Amino acid sequence: MAHIDPERLTLIAFGEPVSAQETAHLEHCQVCTDSLSETRIVIGVGRGAHQVRDLPAPSEDVWQRISAEAFAQPPAVPEARSGSSAPSDPWPRPRQDRKAWRSALLALAAVLIGIAGTLGAQSLRTLRDKTPNIVAEASLGSKNVATRSVQGRVTIVDTGHGLQMKVDVAGMPTTPGYYAVWLYDGADTMIALGTLGSAPLNLPASASNLSRFSIVDISAQKLGQQSHGVSMLQGALRKG
Ligand SMILES: [Zn+2]
């Protein structure tokens, strides 16, 4: 099946209704889903965020720069409807100008996507990291004399492709081995998530039940040690 036209994806990202056929395609196509979510990030219309109608009107200056970039013949600045228009009415667009409005949106998106393109995928990822869907958080407290002054914070986000944990701690003592991050059920099961560091850790499906695995544990490990070492920090997850 052919992918969804990029122009359509842009309009969808701006809040245009999605057809049943497109919905079905998006359910199965990672390429289009990724492209849609990146477009949404770029244009700042994230999940649960504002729709087009909530966007503020562009200043004339901004509008002309967008137009100049996108059209050989720049269209006029969309005119505010006089009279009936409330002062807060954003970016008015008369019905007869629907086509011009769509072209303008596509042009705006093209400019924004162009800018994002020059910033690069890394910046886009950073941008995405700044608007995470946090599902749980924890404050870490010391479990060991060596870390009594260390505090940390854990956030777990739903990336749309699974859960991901980020651990921020500063001032951990140096160790001959390494620190590992675990999820603990408070009884007899600990699941290793990976090494403590700045990279986010992907939660395996077996640990995705955060009601059961509700404790985050940071342990000191000897090199090569597979089993849980010495607890250094621990904290209980709260639903975000
Ligand atoms: Zn597709």
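User: Where does N209 lie?
Analyst: In the loop between β6 (201–202) and β7 (215–221). Keep in mind that this is a predicted model.
User: Is N209 buried, exposed or partly exposed?
Analyst: N209 has a relative accessibility of 41%. That falls between the 20% and 50% cut-offs, so N209 counts as partly exposed.
User: What does its side chain reach?
Analyst: The side chain of N209 reaches the backbone nitrogen of S211, at 3.1 Å.
User: And how far apart are N209 and D185 in space?
Analyst: 9.7 Å, C-alpha to C-alpha. In sequence, N209 and D185 are 24 residues apart.
User: Switching to T155. Which strand is T155 found in?
Analyst: Strand β2, which covers residues 152–158.
User: Why is T155 called buried?
Analyst: Because its relative accessible area is 12%, and buried means under 20%.
User: What does T155 touch?
Analyst: Leaving aside residues up to four places away in sequence, T155 touches I134, A136, E137, Q164, M165 and K166.
User: Now helix α1. Which residues are buried there?
Analyst: L9, T10, L11, I12 and A13 are buried in α1, which spans residues 6–13.
User: What goes on at the start of α1?
Analyst: A side-chain oxygen of D5 comes to within 3.1 Å of the backbone nitrogen of E7.
User: And just after α1, what phi does G15 take?
Analyst: A positive one, about 110°.

Notes. Residues numbered from 1 in each chain as written. Predicted model: local features only at pLDDT ≥ 70, side-chain atom pairs only at ≥ 80, totals over all residues. Heavy atoms only, no water. Helix = DSSP H or I, 4+ residues; strand = E, 2+ residues; numbered from the N terminus. Buried < 20%, exposed > 50% of the residue type's maximum accessible area, 1.4 Å probe, protein only. Contact = heavy atoms within 4.5 Å. Polar contact = N/O pair within 3.5 Å; in protein donor to acceptor, adjacent residues only side chain to side chain.
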